Each structure stands twice: as structure tokens, then as C-alpha cells.
Amino acid sequence: MTFHRTSRIALLFAIAFAATALSARPSLAFSEAQQMCTGDAMRLCGHEVPNVQRITACMVRHRAQVSPGCRAVMDREHTARRRAAAQ
């Protein structure tokens with residue numbers, strides 16, 4: 001497996017992890033997060049690949065710079081995590 005392919009898999013895993021944390025519909029959330037955030041993750045956090053935790057933290061730090069679609073996914077998942085923690 002090439003480094004590029006491994007890096008891409010790690011990046012997609014990080015995006016999926018960030019978007020599906022405590023989500024009721026993980027497959028839908030993964031698909032939406034992948035579609036909305038992959039470009040932003042590569043642009044803003046590609047230097048953190050393949051470290052999943054660092055990619056996730058990087059995306060959170062750069063939230064103000066992500067596209068509106070990715071920000072919406074991140075906001076929905078943040079709200080879902082807060083609701084789940086409150087229950």
C-alpha cells in the first residue's frame with residue numbers, strides 16, 4: 001500500500017471519526033462528512049496525516065476556515081455529542 005493511499009485512508013478515517021462520534025446514523029454521517037470535509041481536511045490538515053487524533057484536532061482548530069458545508073456537519077455532530085452527554 002503506498003503512502004498516499006495510506007494517508008488518504010487515515011484522513012478519511014479521521015473525518016469519519018469526527019463526524020460519526022455518537023451519531024445515530026453513522027453511515028449517513030460518514031458519507032456526508034466525507035463529501036463535505038475531505039477537501040478542507042486535505043487543504044488545512046494534510047500535514048497531520050496519518051495521525052488521526054491530530055487531523056481531528058486540526059480540523060477543530062481550523063473550524064473558522066472550513067467550507068460552510070463542512071462547518072455544518074461539524075456543528076451538527078457537536079450538538080449531537082452535547083445532547084448525548086447531557087442525557
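Guide: Of the 87 residues of the protein, 36% count as buried. The model is predicted: local features need pLDDT of at least 70, side-chain atom pairs count only at pLDDT 80 or more, and totals for chains, interfaces and linings use all residues. Residues are numbered from 1 along each chain as its sequence is written, and side-chain values use heavy atoms, with hydrogens and water left out.

Visitor: Why is Cys45 called buried?

Guide: Buried means under 20% relative accessible area, exposed over 50%, and partly exposed in between, with a 1.4 Å probe and protein chains only. Cys45 has 0% relative accessibility, so Cys45 counts as buried. Cys45 is placed in helix 2; helices are DSSP runs of H or I with at least four residues, strands are runs of E with at least two, and both are numbered from the N terminus.

Visitor: Which residues is Cys45 in contact with, leaving aside neighbours within four places in sequence?

Guide: With those neighbours left aside, the contacts of Cys45 are Asp40, Ile55, Cys58, Met59 and His62. Contact means heavy atoms within 4.5 Å.

Visitor: What makes up the largest nonpolar core?

Guide: A nonpolar core is a set of buried Ala, Val, Leu, Ile, Met, Phe, Trp, Tyr and Cys residues joined through side-chain atoms within 4.5 Å. The largest one has eleven residues, including Cys45, Ile55, Cys58 and Met59. Two or more residues each come from helix 2 (26–45), helix 3 (52–61) and helix 4 (68–86). Helix 2 gives the largest share, four residues.

Visitor: What makes Arg54 and Glu48 a salt bridge?

Guide: The term requires a side-chain nitrogen of Lys or Arg within 4 Å of a carboxyl oxygen of Asp or Glu. The side chains of Arg54 and Glu48 meet at 2.8 Å, N to O, so the pair meets the definition. Glu48, in the loop between helix 2 and helix 3, is buried because its relative accessibility is 9%. Arg54, at 47%, counts as partly exposed.

Visitor: What does the salt bridge of Asp75 and Arg63 tie together?

Guide: The side chains of Asp75 and Arg63 meet at 2.7 Å, N to O. Asp75 lies in helix 4 and Arg63 in the loop between helix 3 and helix 4, so the pair ties together parts twelve residues apart in sequence.
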